[in-house]
Amino acid sequence: MSTEKNIYPITDEWVEPYRAERIYKSLDGRDGLTPKDMLAVQTDVYSEMDQEMGQRLAYAIDHTDGVDDRLRRART
């Protein structure tokens with residue numbers, strides 16, 4: 001019997017235009033942007049895709065039998 005584990009890679013490379021949409025949302029309807037505003041755009045790390053994935057993983061952990069403490073801590 002093989003001891004090899006299945007590997008299911010998760011990527012951080014998403015089909016466009018997620019980043020562009022985030023930028024448009026943050027700048028929409030704003031005038032007189034300052035350098036500080038633009039720095040906020042450049043350093044923004046929020047990802048709607050990550051938020052969605054995190055919610056789905058937490059849901060899966062909550063609805064799976066036999067979840068160990070390590071997974072519960074990861075969910076939290």
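A residue counts as partly exposed when its relative accessible area falls between the buried range, under 20%, and the exposed range, over 50%. The exercises below apply this scale, among other things, to a predicted model.

**Exercise 1.** Determine how many helices and strands the protein chain contains, and in what order its elements run.

*Solution.* Counting the elements gives four helices and zero strands in the protein chain. Reading from the N terminus on, the order is therefore written α-α-α-α.

**Exercise 2.** Find which residue forms a salt bridge with Lys25, and classify the accessibility of both partners.

*Solution.* As background, side chains of opposite charge can pair when their charged atoms come close. The partner of Lys25 is Glu48, with an N to O distance of 3.0 Å, which is within the 4 Å cut-off for a salt bridge. Because Lys25 lies in helix α1 and Glu48 in helix α3, the pair ties together parts that are 23 residues apart in sequence. For the accessibility step, Lys25 has a relative accessibility of 52% and so counts as exposed, whereas Glu48, at 41%, counts as partly exposed.

**Exercise 3.** Locate the two residues of the salt bridge between Asp44 and Arg19, and state which network of salt bridges includes them.

*Solution.* In the pair formed by Asp44 and Arg19, the closest N and O atoms are 3.7 Å apart. The pair links distant parts of the chain, since Asp44 sits in the loop between α2 (35–43) and α3 (48–62), while Arg19 belongs to helix α1 (residues 18–27), 25 residues apart. Asp44 is partly exposed at 23% relative accessibility, and Arg19 is likewise partly exposed, with a relative accessible area of 38%. Extending the view beyond this pair, Arg19, Arg22 and Asp44 are linked in a network of salt bridges.

**Exercise 4.** State how many salt bridges the structure holds, and give the distance between the closest N and O atoms for Arg30 and Asp37.

*Solution.* The structure holds seven salt bridges. One of them joins Arg30 to Asp37, with the closest N and O atoms 3.1 Å apart. Arg30 has a relative accessible area of 39%, so this residue is partly exposed.

Terms used: Residues are numbered from 1 along each chain as its sequence is written. This is a predicted model: local features need pLDDT of at least 70, side-chain atom pairs count only at pLDDT 80 or more; totals for chains, interfaces and linings use all residues. Side-chain values use heavy atoms; hydrogens and water are left out. Helices (H or I, at least four residues) and strands (E, at least two) are DSSP runs, numbered from the N terminus. A salt bridge is a side-chain nitrogen of Lys or Arg within 4 Å of a carboxyl oxygen of Asp or Glu. Buried means under 20% relative accessible area, exposed over 50%, partly exposed in between (1.4 Å probe, protein chains only).
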